[in-house]
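Please look over the sequence and the structure shown below, and keep both in view while reading the report that follows.

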Amino acid sequence: MDWLTLFENWQDEWFNTWIAPWLYEWGLGNRLEMAYDAINWFWIGLVQVAVIALVLMPLERLRPVEPPQWSRAVRVDVLYTLIHRLGLFKLAMFFSFEALFEQGLGHLRALGLPTWHLDGLWPGVTDQAWVSFVLYLILFDFVNYWVHRGQHQWGRWWALHALHHSQRQMTMWSDNRNHLLDDVLTG
């Protein structure tokens, strides 16, 4: 048995023992698929945090760009990283905005608005996995570029996004320093 199968079995066991019964008990059985994805997000995030702590931290200590200081601000960045990488932000979105967003999309589909997929743009070409991957990569990069430009251009959005750029000491933990409302807007 390979490690991926072991991971999937472990995730299934964990989900069926702990998460699914809780969702049914709270009347959220219609959210099982999203919750299963969230468990996957958590475990992958745990691996990411382990790589940051066990690989990147020692490398940063070997060749720091500036003298390292384990300041209070870096501890805050670690907290932001844990919130994001372990799926706590996604969990908050799950219980707040996600259901509203899904209901809104469902309503638009009921009104006849079709779901558009980039990989259906040119049948026979864009539906090939590697072509679809490249197209989505380019599209998401393009959209994220303009979203980031908007974060820097619009005053109120910049007021939220400025937190991301406020760290005075860059470390491997600094990437997830974001205002949570900014993450809601971009999420």
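Where is Pro64 found? Pro64 sits in the loop that lies between helix 2 and helix 3, in what is a predicted model.

Pro64 and Leu108 are 44 residues apart along the chain, and their C-alpha atoms are separated by 51 Å.

## Helix 1 against helix 2

Helix 1 covers residues 3-25 and helix 2 covers residues 32-62, and the axes of these two helices come within 10 Å and cross at roughly 130 degrees. The two helices are therefore described as oblique to each other, and helix 1 passes helix 2 in a right-handed crossing. On the side of helix 1, the contact is made by Phe7, Glu8, Trp10, Gln11, Asp12, Trp14, Phe15, Ile19, Ala20, Leu23 and Tyr24, while helix 2 brings Leu32, Ala35, Tyr36, Ile39, Asn40 and Trp43. Sorted by class, this contact of helix 1 with helix 2 has 13 nonpolar residues, along with two polar and two charged ones.

Trp43 can also be followed on its own: when its neighbours within four places in sequence are left aside, Trp43 is in contact with Phe7, Trp10, Gln11 and Trp14.

In soluble globular proteins, nonpolar side chains tend to be buried together. In this model, the largest nonpolar core has seven residues, namely Phe15, Ala20, Leu23, Leu32, Ala35, Ile39 and Trp43. The elements that give two or more residues to this core are helix 1 and helix 2, and the largest share, four residues, comes from helix 2. Apart from this core lies another one, of six residues, which include Ile52, Met57, Val74 and Met172.

## Helix 2 against helix 3

Helix 2 also packs with helix 3, which covers residues 72-85, and here the axes come within 8 Å and cross at roughly 150 degrees. That angle makes helix 2 roughly antiparallel to helix 3, since angles over 145 degrees are counted in that way. From helix 2, the residues Trp41, Gly45, Leu46, Gln48, Val49 and Ile52 meet Thr81, Leu82, His84 and Arg85 of helix 3. By class, the contact of helix 2 with helix 3 has five nonpolar, four polar and one charged residues.

## Leu88 and helix 4

Leu88 lies in helix 4, which covers residues 88-95. Is Leu88 buried, partly exposed or exposed? Its relative accessibility is 47%, so Leu88 counts as partly exposed. Leaving aside neighbours within four places in sequence, Leu88 is in contact with Leu82 and Ile83. Leu88 and Trp41 are 47 residues apart in sequence, yet from C-alpha to C-alpha they are 9.9 Å apart in space.

## Helix 4 against helix 5

Helix 4 and helix 5, the latter covering residues 97-110, pack at an angle of about 55 degrees, with their axes 3 Å apart. Helix 4 and helix 5 are therefore oblique to each other. In this contact, Met93, Phe94 and Phe95 of helix 4 meet Phe97, Glu98 and Ala99 of helix 5. The residues of the contact of helix 4 with helix 5 divide into five nonpolar and one charged, with no polar residue among them.

Conventions:
Residues numbered from 1 in each chain as written. Predicted model: local features only at pLDDT ≥ 70, side-chain atom pairs only at ≥ 80, totals over all residues. Heavy atoms only, no water. Axes fitted to C-alpha atoms, helices over the stretch in contact; angles between N-to-C directions. Parallel < 35°, antiparallel > 145°, perpendicular 65-115°, else oblique. Left-handed = near helix turned anticlockwise from the far one by under 90°. Contact = heavy atoms within 4.5 Å. Nonpolar A, V, L, I, M, F, W, Y, C, P; charged D, E, K, R; others polar. Core = buried A, V, L, I, M, F, W, Y, C linked by side-chain atoms within 4.5 Å. Buried < 20%, exposed > 50% of the residue type's maximum accessible area, 1.4 Å probe, protein only.
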